[in-house]
Amino acid sequence: MRRSVYNLLREVQQKMSGYAVFMNYQFMHFGVKAEPAALLSVEVELGDESMNLEDVADVAIPKDDQFALIPKEQDSLFAICKAVAQAHPDYKIEQKSMNEEEEGSEEAESEEEDDKYVLCTMPEVNDDRHDAGMDYVKAIYEEMTAKVEAANAAYDVKIAKQLVGAKPEEIDEAKEELKKLYDQIMEICKSYREEKEKQIETAYQEYLTKKAESEKTESERQAARGEDKGSKLDLNQFVGGE
């Protein structure tokens, strides 16, 4: 294969792979699970300096849907909260005491003296969020795969120009290599989409299960209250006699 064609194939592979990676990165910004790469967009303003989150806080994942951001300096706590809220307004953001297990004890330090960390929780996937998530994934997928298709078409033309006058088998080899790259990237894009949709659907089913359990508990509580009222009414019939 001609070096010029080989270089074009490497070039288009990098371009199409970049679209696939960026697509997956955008998927992470629809928070369902705590995925550390989603925090790459968080820039913390400290004074006149803009810093990456990793420079001012350590990150832990206490639950699948939570980030714990532990400030390296307590003075940066508010700035971290503000930065996360700007990058991810859908996250539930709370300040938590590092000594929560001691809360309520006489020896516990006051809230003002406690070191704190930032707890970020992904929003629940209810009916509206489920639909919004599926629409978002579909839109991003279509946008990025359209770019992949455009790159494939553009480089098909570039390679053809490089192979003017070449032997048919050389042209076929180049076209086959380009098609192979295109198919691989499209398969990767498809797998990223399916994984995100599965993530959203799983979280949605968990929401429905919790909702059903809550409604069942409330129904049973109301039924029990109704039975109590019924019992009291039955007893009251006999108050006073004839």
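Hi everyone, let's start with a pair of side chains: E94 and K92 meet in a salt bridge, at 4.0 Å from N to O. By salt bridge I mean a side-chain nitrogen of Lys or Arg within 4 Å of a carboxyl oxygen of Asp or Glu. E94 is partly exposed, with a relative accessible area of 24%; here buried means under 20%, exposed over 50%, and partly exposed in between, using a 1.4 Å probe and protein chains only.

A quick word on the model: it is predicted, so local features need pLDDT of at least 70 and side-chain atom pairs count only at pLDDT 80 or more, while totals for chains, interfaces and linings use all residues. Residues are numbered from 1 along each chain as its sequence is written, and side-chain values use heavy atoms, leaving out hydrogens and water.

How many salt bridges does a search of the whole structure find? Eleven.

Next, please look at helix α4, residues 127-162. Helices here are DSSP runs (H or I, at least four residues), numbered from the N terminus. K138 and E142 form a salt bridge, with their closest N and O atoms 2.8 Å apart. They sit four residues apart in that helix, so about one helical turn separates them. K138 is partly exposed at 39% relative accessibility, and E142 is partly exposed at 41%.

Now over to helix α5, residues 168-236, where D183 and K179 are four residues apart, about one turn. Their salt bridge has its closest N and O atoms at 2.8 Å. D183 is partly exposed at 34%, and K179 is partly exposed at 46%.

Finally, back to our opening pair: salt bridges with shared partners join K92, E94 and K96 into one network.

Methods: Helix = DSSP H or I, 4+ residues; strand = E, 2+ residues; numbered from the N terminus.
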